[in-house]
Amino acid sequence: MLNLGREGMASELNPYEMAVKQLEGVAKLIDLEPWILEILKRPKREIIVHLPVRMDNGEVKVFTGYRVHHNDARGPFKGGIRYHPNVTLDEVRALAMWMTWKTAVMDLPYGGAKGGITCNPKEMSQAEIERLTRRYTYAIREFIGTYIDIPAPDVYTNPQTMAWIADTYSVLVGRWEPGVVTAKPVEIGGSEGRTEATGLGVMIAAREAVKKLGLKNVTVAVQGYGNVGYYAAYFAHQWGYKVVAVSDSKGGIYNPEGLDPVRVMEHKKKTGSVVGYPGAKEISNEEILELDVDVLVPAAIEGVITEKNADNVKAKVISEGANGPTTPEADRILFEKVVLVIPDILANAGGVTCSYFEWVQALTRDWWTKEEVLRRLEHKMVKAFEAVYQLHREREVDMRTAAYMIAVSRVAEAIRLRGLWP
Ligand code: NAD
């Protein structure tokens, strides 16, 4: 069985080398022509910008920013922008390539891109972050646009950051361009349903897996109780699954009779953690991964399921809310144990899918209700899951490999059909 690794995972290789290795593995499985592989191994374009920004104390600091365009054979580039001290060109390259596969596996009419600025937003004021964001937007203005490249938030960027990008870009082009970024605040053209989208998508994927495996009286454990983990637990509970355990960075709680996710969130808001929730037993973040449940949702950080604990995992389905929670070694062990792992590029693609809906609404100036958005999300998730599941069965590969095979094949077909010019 070929094992492909994934987004954001810790490894000896740097993230870009790992992404290329993954791609080479898939290329063999789908008999990809060498010339297409050579194109896909490299980004189409890499933009590096140096950004002088006046800080609150009057000094000027120069930051380095990146925007990497991996591929746009299927449509405009799409991908987030992260603000983090560890941002490097190789990380942004890898993330851009993974976005190409994520949009392709969801069959969205987009390519893949990623951006980042090496900075520490925790040590900056809002005014400094705003000036940095506007300077970055100015510097990359020729390379973004509604039909060119549509950024979105990532680590330490948010709807406010997107509002500043949309405003700066719109001032430069002389008209309001809500289609230039997604995950904007709802008041200025953001989409209803974006908050719930990723967690809901994670759970829809899990539910489809549960149906395939014919599981009854489904029990669920969720690691991480932020945006993704909370909504995954919330929808699981709504559908009658028993959410028996959840956790956050301070630890976890377990009650075999089931937890009420809304009440747990109220407790977390009051006390700062899920820990201490009345009537539940405290467990660790390691224990939650090894509970005897049907569905496990890692929705916190990368690299939590490894060769050290994979053998102890008792869940039958893992739906990857986080990016890269499972290492390649763990993937191999889980495949042998017949655990169905729904890979991040599929399981957590509800966010980018909702971003696509936001973009369509911006183009048409026709705003949908939350029900409409979530109904369409359901349709897209189920369709993508089904395609990946079928290929997984046909080719006897794990779900991750199947997802990559579909994604790379779709991008390759677009390149073949469009051909080379000039
Ligand atoms: P978030 O910051 O809202 O929540 C993260 C949660 O994880 C918090 O509850 C935090 O306490 C917990 N956590 C942090 N470190 C932990 C640890 N060591 N052990 C256990 N819990 C820990 O973030 P989010 O938006 O929910 O994102 C979670 C993951 O999902 C990330 O990997 C992110 O990249 C991925 N993701 C998010 C989206 C989205 O739309 N929000 C989309 C795709 C992927």
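Predicted model: local features only at pLDDT ≥ 70, side-chain atom pairs only at ≥ 80, totals over all residues.
From Thr-198, the contribution comes through the side chain, where an N or O atom is 2.7 Å from a ligand oxygen. Val-228 instead uses its backbone, with an N or O atom 2.9 Å from an oxygen atom of the ligand. Ser-249 likewise presents a backbone N or O atom, here at 3.0 Å from a ligand oxygen. Taken on its own, the ligand has 830 Å² of accessible area, and the protein covers 67% of it.

Aromatic side chains deserve a look of their own, as the structure holds 15 aromatic pairs. In one of them, Tyr-356 meets Phe-357: the ring centres are 5.7 Å apart and the planes stand at 45°, so this pair is classed as tilted. Such an angle falls between the limits of 30 degrees for stacked rings and 60 degrees for edge-to-face rings. Both partners, Tyr-356 and Phe-357, are buried. Tyr-356 also pairs with Trp-359, again in a tilted arrangement, with 6.3 Å from centre to centre and 35° between the planes. The two residues belong to helix α11 (residues 350-364) and sit three positions apart, so about one helical turn separates Tyr-356 from Trp-359. Trp-359 is buried, as is Tyr-356.

Elsewhere, a single aromatic cluster brings together Tyr-225, Tyr-230, Tyr-231, Tyr-234, Phe-235, Trp-239 and Tyr-241. Arg-141 lies over the face of Tyr-138, at 4.1 Å from the ring centre. Arg-93 is placed over the face of Tyr-16, where the distance to the ring centre is 5.2 Å.

Thr-326 belongs to the loop between β11 (317-319) and α9 (328-336). With a relative accessible area of 0%, Thr-326 is buried. The side chain of Thr-326 makes a polar contact of 2.5 Å with the side chain of Glu-320. Asp-149 is part of strand β5 (residues 149-153). Its relative accessibility is 0%, so Asp-149 counts as buried. Between Asp-149 and Pro-109 there are 40 residues of separation in sequence and 12 Å in space, taken from C-alpha to C-alpha. Ile-117, in strand β4, is buried with a relative accessible area of 0%. Ile-117 and Thr-88 are 29 residues apart along the chain, while their C-alpha atoms are 8.5 Å apart in space.

The backbone has some features to note as well. A cis peptide bond, with omega of about -5°, links Trp-421 to Pro-422. Pro-422 lies in the segment after α13 (399-418). Positive phi values turn up at two aspartates. For Asp-31, phi is near 55°, a positive value in a residue other than glycine. Asp-31 sits in the loop between α1 (15-29) and α2 (34-41), and its relative accessible area of 68% makes it exposed. Asp-107 is not a glycine either, yet has a positive phi of about 60°. The loop that holds Asp-107 runs between α3 (89-105) and β4 (112-118). At 36% relative accessibility, Asp-107 is partly exposed, because this class takes in values between the 20% limit for buried residues and the 50% limit for exposed ones.

Key:
Residues numbered from 1 in each chain as written. Heavy atoms only, no water. Polar contact = N/O pair within 3.5 Å; in protein donor to acceptor, adjacent residues only side chain to side chain. Areas by Shrake-Rupley, 256 points an atom, 1.4 Å probe, with all protein chains shown as cover. Phe/Tyr/Trp six-rings, centres within 6.5 Å; stacked < 30°, edge-to-face > 60°. Buried < 20%, exposed > 50% of the residue type's maximum accessible area, 1.4 Å probe, protein only. Helix = DSSP H or I, 4+ residues; strand = E, 2+ residues; numbered from the N terminus. Lys NZ or Arg CZ within 6 Å of the ring centre and 35° of its normal.
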